[in-house]
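Here are my notes on the side-chain packing, point by point. Please read them with the model open.

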Amino acid sequence: MNPADLKYTAEHEWVRAEDDGTLVFGITGYAQEALGDIVYVSLPEPGAALDAGSPCGEVESTKSVSDIYSPVSGTVVEANASLADAPETVNTDPYGTGWMVRIRPDDTAAVDALLSAEAYDALIAGLAR
């Protein structure tokens, strides 16, 4: 259901480790479906220090506004600037061009503590009941 090569948070963010040691994250397909049509994305600035589990941005949809949570602690390397002009990309390609933030983690081992795709699938299956 969700890409097996990614890690996930209970707050519905996905995380991908890059070859250069950075992590890329965004919101999951489940999250973007629950939000509906995304019309605005607010992301942290490069250089910002993020704390694991803390809000670092917002996603606004036609239904509501939701926080984006940092999956790990670290420093923002890049925010996906293309989402300013095309926030709907999060709806059409949440795991690809709809990525949100690239971060240099304080501790790369912190990713290991995140949910596997199987565990995340079980989590969202439980929410659907």
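1. The structure holds 2 aromatic pairs. Rings of Phe, Tyr and Trp (its six-membered ring) pair if their centres lie within 6.5 Å; planes under 30 degrees apart count as stacked, over 60 as edge-to-face and the rest as tilted. This is a predicted model: local features need pLDDT of at least 70, side-chain atom pairs count only at pLDDT 80 or more, while totals for chains, interfaces and linings use all residues. Numbering starts from 1 along each chain as its sequence is written, and side-chain values use heavy atoms, with hydrogens and water left out.

2. Y8 and Y120 form a stacked pair, 4.8 Å centre to centre with 10° between the planes. Y8 sits in strand 1 (residues 7–8) and Y120 in helix 4 (residues 117–127), so the pair ties together parts 112 residues apart in sequence. Helices (H or I, at least four residues) and strands (E, at least two) are DSSP runs, numbered from the N terminus. Both Y8 and Y120 are buried. Buried means under 20% relative accessible area, exposed over 50%, partly exposed in between (1.4 Å probe, protein chains only).

3. W14 and Y95 form a tilted pair: 6.0 Å centre to centre, 50° between the planes. W14 belongs to strand 2 (residues 13–17), and Y95 to the loop between helix 3 (89–92) and strand 9 (101–105), so this pair ties together parts 81 residues apart in sequence. W14 has 0% relative accessibility and therefore counts as buried.

4. Look next at R102, in strand 9. R102 lies over the face of W99, 5.7 Å from the ring centre. The criterion for a charge over a ring: NZ of Lys or CZ of Arg within 6 Å of the ring centre and within 35 degrees of the ring normal. R102 counts as buried because its relative accessibility is 17%.

5. The R102 side chain also makes a polar contact with the side chain of T22, at 3.4 Å. Such a contact is a pair of N or O atoms within 3.5 Å; within protein, one must be able to donate a hydrogen and the other to accept it, and residues adjacent in sequence count only if both atoms are side-chain atoms. Leaving out residues up to four places away in sequence, R102 touches several others, including E18, L23 and V77. Contact means heavy atoms within 4.5 Å.

6. S70 lies in the loop between strand 7 (65–69) and strand 8 (74–79). Its relative accessibility is 2%, so S70 counts as buried. A polar atom of the S70 side chain lies 2.5 Å from the backbone oxygen of V72.
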